[in-house]
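Thanks for coming, everyone. Please have the viewer open while I talk. I will go through a few spots, one at a time.

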Amino acid sequence: MVKTSNLGYPRIGEHREWKKALENFWNGQLAPETFLQQMKQIRLELLQKQQQSGVDLIPIGDFSFYDHVLDTALMFGLVPQRFQTKRFPDDLSLYFAIARGEQDLVASEMTKWYNTNYHYIVPEWHGQVPNLLNNRPLQLYLEAKTELGIEGKPVIIGPFSFAKLSKGYAKEQFAEVLHSLVAPYAQLLRELREAGVRWVQIDEPSLVTSITKAEMDLVSSVYQQLRNEVPDLSLFLQTYFAAVSFYEDVVALPVDGIGLDFVAGYAGNLEHLRTCSFPRDKVLGLGLIDGRNIWKTDYQQAAELFGEVKQWVPLENIWLQPSCSLLHVPVSLKQETELAPTLKNALAFAEEKLQELADLKEIFLQPESDRSLQKREANKQALQALAQSPERAVSPHQPARVTKRAAAFAQRQPLHAAKWQLPILPTTTIGSFPQTADLRQTRRLWRQGQITEQEYETAIREKIAKWIKLQERLGLDVLVHGEFERTDMVEFFGEKLQGFAFTRNGWVQSYGSRCVKPPIIFGNVRFVEPMTVKETVYAQSLTEKPVKGMLTGPVTILNWSFVRNDLPRQEIAYQIADALIEEVRCLEQAGIEMIQVDEPALREGLPLKREEWHSYLQWAVTAFRIATSDVANSTQIHTHMCYSEFGDILSAIRELDADVVSIETSRSHGELIADFEQEQFDKGIGLGVYDIHSPRIPSEAEMEKILERALSVLPAQLFWVNPDCGLKTRKEEEAIAALEKMVRAAKKVRAKI
Ligand code: GLN
Ligand code: ZN
């Protein structure tokens, strides 16, 4: 009959005990044996929880000390070259050294896992031949079996996705790299088979990205080879995050089951199923519970989908599943004692999602039983209550949306030049200054009610005043207030706008031990009152130099939150933009006429399939323009983005029509200036001339080099000089020393023009 299957579970634990164990170990507070013991305990608890939820197939081996891609690389002996010459006392030291770097060894690159906010460690090949050094899934399978009696389903990353996620080989070598994985994967699978494993889940999320037919054919040949090696092991090929690109080829692969995402990939996969059906001899993993978002599953909709799917697939071949690993949602609602009941009742975190799996199985198999009817009714009530909550009521007054500035940049620019009379290559910063321990302590006291609002505000003002003086002394041309009142650039605005809620414990792993707690956008987003005016105006009152206003853009607020799923994302982006333009106007009225609207997360919202980029970029750009267009021509709009792969979205960046765009140029060594040249970029470009992510103080010479390189391809009038991001994570001394050099470098280059 119908089974339930889970694809992966959050590692961090209900109280982030995983994070604490890791950090204690890194700090030297835990001996390796104790650390390993604690980790084992956590791992078993996570499995036990899943066992208790009654899910039929429990994933094994998705647990990790840091990242599952790194686990896979090391299992195959792929150690980055620079780590091969050094002797490490044990495997654990090597593992964390690759993940986190050491004094003289740069860590491996870390990058985003598809379109999620999880970051993985990029495997480095450089001519190495993979071979199976240790069979990690096997060890963990045996552990779960002996300790808990769980007949688990080992989870591994498939060879195609693993090769795609790696670096250190040329494009032309892809087929060779992929084929070199066949032998070690075959051995891994054979050993699992010998140990009695029934099903293995092989994750191939890269099959949903824009791949070529030639690549698909490679996948087919690789799986045929694996099939030949292990004819009697059941292979379950799992895809997620979107619909698969070559449906007919994918369902024809010589595997025993195929998992499809019916949440993010709903429309595409359903269409495939309707037009091409599904092989009757394979299991279909029906991913109908959203593994990326926190809302309850709509049981009615799920029942409709199931009703349709069972026309093509026999019941005994259907597995009910989350759409992807639950790694991307928080652990449990248990501790959320402060959420409004209507909202809380419409949420499901990982633990609750497993309960949903059990519910759906029961509902589908005994639709008329009392319990099923009750469950459906409760689900319907909960979702209806949220839908009808006053926070979602549509307001009769739709704001007029201005998406175009009154005058073109060519007309705005002389107004700006005349107003501020800035030197050529004006210097500025990206917004935040160091958040020192005393500041964080003051904020904590204020949040706990131990100091008054007044006292807190005074403390913030003191910081602003100190840094206005410092910036003047450093000789910066355009100043900022420093964002001392903000812990997080999204949370700060979320707390002041209507439509957001915050969890107490809704943590999700972002990378390594770092977790984030995204806000929940559950209602209509509305402006309530000015959010940034007080601090900005205060800062401006202390100086003759211009002070830039500082806001987080609509797309970034959207992409870094859990978002309601009853409206298209673009609609929510527009709502945020409607609220932000009100703030922009308040700033303008208060005399702040340079305003920066940051969009560091614009790029990461790009869909996995290239053919969908255009429509995403179109609404993302529109949202930014709604937030920034209805201003005086003499007002100067800045934006900031901190990533180096601009080339492919540069035309969208141009469409933002910001007067100044500040970008990262230090890590890419100024390379991307060439892209701007090619695009004939004609608006202001803020050159991020040094990397703020490192405590290292850059030399004047290296910054001069970046500036000169830029000046060699585009006119000097376009450029501004700034660090490549905000300075809040730096120490005060580091920030000051680096800015001093930056200003000097700018002055030197100026003198040569
Ligand atoms: N204005 C923000 C800051 O300086 C920008 C941060 C970011 O781009 N991530 O902190
Ligand atoms: Zn940045």
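Start with helix 22, residues 569-589, and helix 23, residues 613-628. Their axes are 6 Å apart, and the angle between them is about 20°. Angles under 35 degrees count as roughly parallel. The two helices, helix 22 and helix 23, are therefore roughly parallel to each other. Who makes the contact? On the helix 22 side, the residues include Gln-570, Ala-573, Tyr-574 and Ala-577. On the helix 23 side, they include Trp-619, Ala-620 and Ala-623. The crossing of helix 22 past helix 23 is right-handed.

One caution before we go on. This is a predicted model.

Now a second pair. Take helix 18, residues 453-474, and helix 20, residues 533-541. Here the axes of helix 18 and helix 20 sit 10 Å apart, with a packing angle of about 40°. That makes helix 18 oblique to helix 20. Helix 18 also passes helix 20 in a right-handed crossing. Which residues meet? Helix 18 brings Ile-460, Arg-461, Ile-464 and Ile-468. Helix 20 brings Glu-535, Tyr-538 and Ala-539.

Let's step back to the whole chain. The protein has 753 residues. It holds 27 helices and 21 strands. For that number of residues, a compact globule would have a radius of gyration near 27 Å, and the protein has 27 Å, so the two agree. Along its principal axes, the C-alpha trace spans about 75 × 65 × 50 Å. Buried residues make up 47% of the 753. Now look at contacts between residues at least 6 apart in sequence. Of these, 78% join residues at least 24 apart.

Glu-147 and Leu-44 are 103 residues apart in sequence, but their C-alpha atoms are 8.1 Å apart. Glu-147 belongs to helix 5, residues 136-148. Glu-147 has 13, so it is partly exposed.

Next, the annotated sites. An unreviewed UniProt entry places a "binding site" feature at Ile-430, Gly-431, Ser-432, Glu-483 and Asp-598. These residues are spread over 169 residues of sequence, yet they cluster in space, with a largest C-alpha distance of 12.9 Å.

Take two of them. Glu-483 sits in the loop between helix 18 and helix 19, residues 491-496. It has 23 C-beta neighbours inside 10 Å, so Glu-483 counts as buried. Leaving out residues up to four places away in sequence, Glu-483 touches Gly-431, Ser-432, Met-550, Gly-726 and Lys-728. Gly-431 and Ser-432 are also in that annotation.

Asp-598 is in strand 17, residues 594-598. It is buried too, because 24 other C-beta atoms lie within 10 Å. Beyond four places in sequence, the residues Asp-598 touches include Met-489, Thr-552, Thr-639 and His-640.

Where is Cys-642? In the loop between strand 18, residues 636-640, and helix 24, residues 650-655. Cys-642 is buried, with 21 other C-beta atoms within 10 Å. Past its neighbours within four places in sequence, it is in contact with Pro-600, Glu-664, Asp-724 and Cys-725.

Cys-725 lies in another loop, between strand 21, residues 719-722, and helix 27, residues 732-752. It has 25 C-beta neighbours inside 10 Å, so Cys-725 counts as buried.

Last stop: His-693. The unreviewed UniProt entry places an "active site" feature there, at His-693. It is in the loop between strand 20, residues 684-688, and helix 26, residues 700-713. His-693 has 14 C-beta neighbours inside 10 Å, so it counts as partly exposed.

That's my tour. Questions, please.

Technical notes
Residues are numbered from 1 along each chain as its sequence is written. Chains are lettered from A and ligands numbered from 1 in the order in which they are written. This is a predicted model: local features need pLDDT of at least 70, side-chain atom pairs count only at pLDDT 80 or more; totals for chains, interfaces and linings use all residues. UniProt positions are given in the numbering used here, feature names are shortened, and annotations may be inferred rather than shown by experiment. Helices (H or I, at least four residues) and strands (E, at least two) are DSSP runs, numbered from the N terminus. A residue is buried if 20 or more other C-beta atoms lie within 10 Å of its own, exposed if 12 or fewer, and partly exposed in between; C-beta atoms are placed from the backbone. Two residues are in contact if their C-beta atoms, placed from the backbone, lie within 7 Å. The radius of gyration is taken over C-alpha atoms; the globule rule is 2.2 Å times the number of residues to the power 0.38. Axes are lines fitted to C-alpha atoms, for helices over the stretch in contact, and angles run from 0 to 180 degrees between N-to-C directions. Angles under 35 degrees count as roughly parallel, over 145 as roughly antiparallel, 65 to 115 as roughly perpendicular and the rest as oblique. A crossing is left-handed if the near helix is turned anticlockwise from the far one by less than a right angle, and right-handed if clockwise.
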